[in-house]
Amino acid sequence: SNADYIYKGRIGEKFIEVLENFGVRLIREKKPLNYYNLNLYEHYPFAPLLTTEGCPFRCTYCASTILSNGHYKIPIEDILIEIIEFYKRGVRDFVFYDDALLIDSSKHIKPILKKIIDLELDIRLHTPNGLHARFIDDELAFLMKRAGFKTIRLSLETVNSDRQIKTGAKVNNEDLINAVNCLKKEGYTKKEIGVYLMYGIPDQNLEEIKEGVEFLKTLGVRINLTEFSPIKGTLEWFNLINKKIIDNDLDPLLTNNSVFYYLYSTFDLKELEALKQDVKNYNNKQ
């Protein structure tokens, strides 16, 4: 491209220094680097929150380690400034988009939730990104309930213990059982607790997915089926190439999660659709 410089990494002080080295003089304000332009939120009832970047786990299907080098925590004081400023503008729903929100919880999310409780903010908290179940204990579940968590999503991905280990060992079935029990002690129900179960992972058969569905039914949680799609640069991507299932120059459109399993899985698609309908019927029951 004949570019003078290529920058790779998170947007922070280092990026600002690069710009200044090229003669771009910036006004440095005493605000968090992740501070949003609040003027964009005059009429929005919700706001995104990113309190950490990256993830210490190395799941074989995940791009987190490609996008972020390491695991970085945004200072708690900066996060609270954002929440309070959004709150003043009428925002009541906050959505966490962290890849690893609960990592090192005693020094991060627990203090954040305690501050929210102390401030008596009438807010609702949501986690569409799957949380690490192994880090949910009684104290965290208590704080989540008091602080206003309404939407909780946990990551399981597969019920198969061997595949859990091979794909990153971030969770096992016992971790999930313990997490669900802690949350239910605080009054959370199937309506609020959802668990992600992935299908279409290489070498996975439909029986494994069915087993996962039945396991989650016994826990009384909402089942969120999610399609596997390969991301270039991940271990699963290279696994698929080595098995000659895909080529390295595969059209990105064919990696779309709604397309990939249809083209490359060995599932009986009628059986899969029947399973999806079964899950839908289960989720709709009170």
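The structure holds 17 salt bridges.

**Ground rules.** I noted that this is a predicted model, in which local features need pLDDT of at least 70 and side-chain atom pairs count only at pLDDT 80 or more, while totals for chains, interfaces and linings use all residues. Residues are numbered from 1 along each chain as its sequence is written, and side-chain values use heavy atoms, with hydrogens and water left out.

**The whole chain.** I looked up the secondary structure and found 11 helices and eight strands; helices (H or I, at least four residues) and strands (E, at least two) are DSSP runs, numbered from the N terminus. The radius of gyration is 21 Å, close to the 19 Å that the globule rule gives for 286 residues, so the chain is as compact as a globular protein of that length. For this entry the radius is taken over C-alpha atoms, and the rule is 2.2 Å times the number of residues to the power 0.38. Along its principal axes the C-alpha trace spans about 60 × 55 × 35 Å.

Of the 286 residues, 43% count as buried, where buried means under 20% relative accessible area, exposed over 50%, and partly exposed in between (1.4 Å probe, protein chains only).

For contacts, meaning heavy atoms within 4.5 Å, I found that residues 24 or more positions apart account for 73% of those with a separation of 6 or more. The mean positions of the 39 positive and 41 negative charges are 2 Å apart. In that count Lys and Arg are positive and Asp and Glu negative, with His and the chain ends not counted, and the place of a charge is NZ of Lys, CZ of Arg, CG of Asp or CD of Glu.

**K210 and its partners.** I followed K210, which is partly exposed with a relative accessible area of 26%. Its side chain meets that of E207 in a salt bridge (3.6 Å, N to O), and the two residues, three apart in helix α8, are separated by about one helical turn. K210 also forms a salt bridge with E271, the closest N and O atoms being 2.8 Å apart. Because K210 lies in helix α8 and E271 in helix α11 (residues 269-284), this pair ties together parts that are 61 residues apart in sequence. E271 counts as partly exposed, at 36% relative accessibility.

The side chains of K243 and D203 meet in a salt bridge (2.3 Å, N to O). The pair links distant parts of the chain, with K243 in the loop between α9 (235-242) and α10 (257-264), and D203 in the loop between β7 (193-199) and α8 (206-219), 40 residues apart. K243 counts as partly exposed at 38% relative accessibility, whereas D203 is exposed, with a relative accessible area of 57%. I came back to D203 for its backbone, where phi is positive at about 75° although the residue is not a glycine. As background, most residues other than glycine have a negative phi.

A169, another residue other than glycine, has a positive phi near 60°. I placed A169 in the loop between α6 (161-166) and α7 (173-185), and its 35% relative accessibility counts as partly exposed. Q164 is found in helix α6 and is buried, with a relative accessible area of 6%. Leaving aside neighbours within four places in sequence, Q164 is in contact with L156, T158, V159, A169, V171, N172 and N173.

The C-alpha atoms of N69 and E174 are separated by 30 Å, the two residues being 105 apart along the chain.

Technical notes
Salt bridge = Lys/Arg side-chain N within 4 Å of Asp/Glu carboxyl O.
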